[in-house]
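Grab a pencil and get the viewer ready. Below are some exercises, each with a solution worked out step by step.

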Amino acid sequence: MSADVTRREFVKAGAAVSGLIVALQLPAYARTAAGALARAGSVLRPSAFLQVAADGTVTLWLTKSEMGQGVRSSLPMIVAEELEVAPAEVRVEQASADPKYGEQFTGGSSSVSGLWQPLRTASAQARDMLIGAAARTWGVPAAECAAEQGTVVHAASGRRLPYGALVAVAAALKVPESPRLKDPKTFRVLGRNARRLDTPPKVDGSARYGLDVRLPGMVFACVARCPVFGQPLSGYDAARARAVPGVLDVVPLESGSLAVGGFWTYRLPGAVAVVAENSWAAMRGCKALDCRWDATSGVDSAGLARIFRDRAAQGGILGRNEGDAETALGRAATLVEATYDVPFLAHATMEPMNCTAHVRGGRCDVYAPTQFPTGAQQVAEALTELPPAAVEVHTTIMGGGFGRRFEMDWVIDSIRVSKAIGRPVQVVWTREHDVQHDNYRPASYHVLRAGLDGSNRVVAWSHRVVAPSILAWHAPGALAPGSPAAASEALDGAAELAYGIPNLRVDYCPVNTPVPVGWWRSVYASQNCFANETFFDEVARAARRDPLELRRELLADSPRHLAVLNLAAERAGWGSPLAAGRGRGIAIHKFFSDAIVAEVAEVSIGKDGLRVDRVVCAIDCGLALNPDTVAAQMEGGIVYALSAALRGAITLEGGRVKQSNFNDYRVLRMSEMPRVEVHIVESADDPHGVGEPGVPPLAPAVANALATVTGRPVRKLPLATA
Amino acid sequence: MAAYSLTVNGTRQTVTAPAEMPLLWVLRDLLGLTGTKYGCGIAQCGACTVHLDGAPVRSCSVPISAAADKRVTTIEGLTPNRSHALQRAWLELDVPQCGYCQSGQLMSAAALLARNPSPSDQDIDAAMNGNICRCGTYQRIRAAIHRAAGEA
């Protein structure tokens with residue numbers, strides 16, 4: 001990966017890599033593996049992703065990680081559509097981190113959109129080769145044959161052969177370079193509600209997550225790090241830990257850094273691992289270490305807030321500059337100004353971080369619930385100094401990802417401990433460790449200004465974003481926090497403001513803090529959309545305009561935005577009367593996956609404070625492959641964002657995170673769940689990713705609703721502290 | 001260390017463990033029943049919910065000494081074939097996303113239906129509030145409980 005890619009570009013580059021894998025690798029692949037197999041006559045494998053075996057079994061090698069978003073269903077559905085089989089007949093096999101599949105990562109809401117063309121193409125290739133084989137067998141033109149339910153039929157003669165019987169002949173045919181893809185109007189699988197294929201093992205306890213990996217001779221380990229970021233432990237009591245029943249070993253892990261892939265640099269803070277016969281003994285042993293550190297070092301949240309404000313007073317890196325915002329603001333009849341504070345957030349996936357590794361004589365196996373198998377592979381190679389062929393990453397399903405499982409800290413832990421003790425080991429992070437050693441959604445500070453002319457038209461908009469750079473944290477050697485790539489990433493959702501305003505200026509002020517930062521579901525759009533869309537309502541109030549009407553006016557040239565906005569507003573009953581003490585707010589965001597989401601929140605203030613009663617969501621995601629999965633992702637994004645909006649905050653004191661578990665890092669529970677309604681805009685466009693886009697509009701929609709009830713603008717998250 | 005006998009999913013088991021070892025880790029690490037999940041360790045998330053003599057408990061906070069000579073039912077023992085009305089409703093409404101919390105959700109819901117065959121929304125709130133889902137499946141869980149109650 002080159003040093004000048006943003007995450008979005010990274011995602012696009014990754015998608016492009018995936019997109020090209022058939023085209024670029026097919027010739028070589030066809031000459032080698034597929035060619036050899038074709039001669040053997042055993043399987044038809046037109047691409048690395050897809051195979052039809054002589055018994056008719058269709059296998060999809062899944063290069064994406066399942067973390068709840070449904071790739072184990074959505075991607076087989078694409079294959080089933082073009083290959084003319086039932087989705088349940090597509091056997092899913094998790095691909096290992098092998099270069100033949102291209103770069104493997106799951107993020108940026110890019111799984112379906114990135115594999116849409118490659119999987120359709122590979123499936124259509126297989127289908128056309130099977131049709132060709134039948135035509136050859138029967139001595140009829142291929143045009144007279146059709147694929148249907150795992151068979152090829154010749155309607156004129158009533159003949160029919162199952163795919164399996166055609167594989168040997170088909171495998172000897174040339175792979176068509178540009179097979180005919182089905183007209184979406186003829187889709188029988190895609191675009192319809194379908195039950196997910198991976199649900200049954202999730203209702204009987206048989207689904208195996210990372211924490212459920214069990215290997216012969218395996219032991220468990222728990223790791224202690226200094227709670228003050230960037231500081232070493234000054235001491236610990238290894239003897240006390242060893243005295244805990246079940247504890248087998250205490251393994252110090254040296255500090256350092258690990259550069260891999262020509263781009264990433266992973267920090268290796270000094271740590272100590274307690275190895276034990278079972279998870280609980282390892283956790284107890286870890287507590288018994290009684291770790292010590294220099295308690296006077298480190299930053300606190302108040303100090304960081306001052307640093308952010310000071311940085312805002314200096315110049316920023318331009319992300320967008322149209323017209324002359326400064327002059328227009330200076331001449332405005334009405335100037336609207338506000339600043340916004342957004343906190344650090346933990347991911348808090350339900351399954352705490354964990355990884356199982358087995359390093360032994362010349363071989364390394366890593367069993368990782370990871371969003372980034374390629375990264376895990378590179379890390380394992382670097383730590384063990386083994387050649388790629390001796391390292392295998394087995395990607396497990398995972399109990400939530402949300403960006404946290406893109407990181408390598410917990411993968412590195414397991415490989416280092418296994419290497420030290422020469423046994424298979426499962427490193428288990430406690431929830432406390434998970435909350436206190438995350439790569440957090442960056443805190444941010446926003447300075448927004450807008451100018452209205454004498455007719456209350458919005459003529460100028462300026463947005464300054466102050467935040468740490470996620471990219472620079474991960475690639476300090478490759479790019480600076482102020483580099484264009486870092487700025488582009490941090491301004492995601494701010495620079496692309498869709499409103500038709502003639503004078504626009506958006507810039508970025510990077511700040512360095514010792515707090516590890518990472519990609520959190522929807523990334524910087526989660527902060528920038530909150531600031532934009534909450535400020536927009538302040539502008540609407542200043543202009544004495546209905547916030548929906550003003551949005552419609554300024555989005556007049558964006559028909560997709562308008563359709564989504566109108567659908568959400570209409571289904572929410574925008575403008576209909578509400579009882580006293582209730583309020584309604586709207587927000588809209590175009591995510592970088594090109595999906596557009598609008599949400600209308602209805603809130604009330606009762607004896608228990610703010611309550612979100614209802615959220616109406618509208619989305620344009622292109623073709624919704626499985627509308628029910630799209631709805632589930634919107635429901636999930638709304639809950640994830642609502643947890644954050646209401647109470648989510650990671651705060652620092654003495655350099656360490658104050659929160660530690662679900663008692664003080666509180667998330668939404670059943671009794672607080674609003675009624676959520678999801679409406680999908682009809683569209684024949686290629687699919688746009690839906691994993692993240694439900695998140696950004698939620699906080700501003702709720703904040704805008706709350707402001708109509710209290711009469712006070714919201715300028716800070718979480719709302720419980722606003 | 002001491003030996004403890006308990007009945008897990010109808011089978012008599014004897015384990016040797018420290019008295020304070022949580023039932024969760026006995027199930028997962030000593031008995032190999034990994035369907036019960038670790039989420040927080042302090043009875044805040046409900047991922048480890050099992051039935052102890054029929055009552056829902058957070059197994060992360062029940063020492064093995066307190067489970068001795070009792071009947072434990074885990075998700076693996078709820079039914080042998082996903083036939084519980086709740087499991088069927090979970091499948092019909094595609095409740096799970098990542099699925100990690102769903103063992104605990106199902107065990108809490110099963111305990112609710114066992115004592116209250118037609119729960120109201122308020123009953124569901126009260127019974128299910130201890131079970132966190134980070135994927136945000138609460139709305140479907142509620143609908144699935146109502147559906148299962150309707151069938152029961």
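## Exercise 1: Chain B as a whole

Chain B has seven helices and five strands, where helices (H or I, at least four residues) and strands (E, at least two) are DSSP runs, numbered from the N terminus. A quick word on the ground rules: residues are numbered from 1 along each chain as its sequence is written, and chains are lettered from A and ligands numbered from 1 in the order in which they are written. This is a predicted model, in which local features need pLDDT of at least 70 and side-chain atom pairs count only at pLDDT 80 or more, while totals for chains, interfaces and linings use all residues.

**Task.** Work out the pattern that chain B follows along its sequence, then say how compact chain B is.

**Solution.**
1. Walk along the sequence and you'll read β-β-α-β-β-α-β-α-α-α-α-α for chain B.
2. The radius of gyration of chain B is 15 Å, close to the 15 Å from the globule rule for 152 residues, so chain B is as compact as a globular protein of that length. The radius is taken over C-alpha atoms, and the rule is 2.2 Å times the number of residues to the power 0.38.
3. Along the principal axes, the C-alpha atoms of chain B fill a box of roughly 45 × 25 × 25 Å.
4. Buried residues make up 59% of the 152 residues in chain B. A residue is buried if 20 or more other C-beta atoms lie within 10 Å of its own, exposed if 12 or fewer, and partly exposed in between, with C-beta atoms placed from the backbone.

## Exercise 2: The sheet of chain B

**Task.** Find the order of the strands in the open sheet of chain B, and name its edge strands.

**Solution.**
1. The five strands are ordered β2-β1-β5-β3-β4 (chain B), with mixed pairing. Two strands pair if DSSP finds at least two bridges between them.
2. At the edges sit β2 (11-17) and β4 (55-58) of chain B, each pairing on one side only.
3. From one strand to the next, the twist averages 40°.
4. Now zoom in on one pair: β1 (residues 2-8) of chain B and β2(B) run antiparallel over seven bridges. Here B:Val8 has B:Thr11 in β2(B) as its bridge partner.
5. Helix α5 (residues 102-115) of chain B lies across β3 (49-52) and β4 of chain B, at about 40° to β3(B). Axes are lines fitted to C-alpha atoms, for helices over the stretch in contact, and angles run from 0 to 180 degrees between N-to-C directions.

## Exercise 3: One serine, step by step

**Task.** Is B:Ser103 buried or exposed, and which residues does B:Ser103 contact?

**Solution.**
1. Find B:Ser103 in helix α5 of chain B.
2. B:Ser103 is buried, because 30 other C-beta atoms lie within 10 Å.
3. Leaving aside neighbours within four places in sequence, B:Ser103 is in contact with A:Gly205, B:Gly35, B:Thr36, B:Lys37 and B:Ile75. Two residues are in contact if their C-beta atoms, placed from the backbone, lie within 7 Å.
4. Look at B:Thr36: it is 67 residues from B:Ser103 in sequence, yet the two are 6.3 Å apart, C-alpha to C-alpha.

## Exercise 4: Where the chains touch

**Task.** How many residues does each chain give to the contact, and which element of chain A gives the largest share?

**Solution.**
1. Chain A gives 46 residues and chain B gives 45 residues.
2. On the chain A side, the elements with two or more residues are α6 (279-288) and α17 (627-647) of chain A.
3. The largest share, seven residues, comes from α17(A).
4. Sorted by class, the chain A side has 21 nonpolar, 14 polar and eleven charged residues. Ala, Val, Leu, Ile, Met, Phe, Trp, Tyr, Cys and Pro count as nonpolar, Asp, Glu, Lys and Arg as charged, and the others, Gly among them, as polar.

## Exercise 5: Strands in chain A

**Task.** Which strands of chain A pair with β24(A), and in which sense?

**Solution.**
1. Eleven bridges join β23 (residues 596-606) of chain A to β24 (residues 609-620) of chain A, and these strands run antiparallel.
2. A hairpin connects β23(A) to β24(A) through two residues, and A:Gly606 has A:Gly609 as its bridge partner.
3. β24(A) also pairs with β27 (residues 675-680) of chain A, in the parallel sense over six bridges. In this pair, A:Val615 stands opposite A:Val676.
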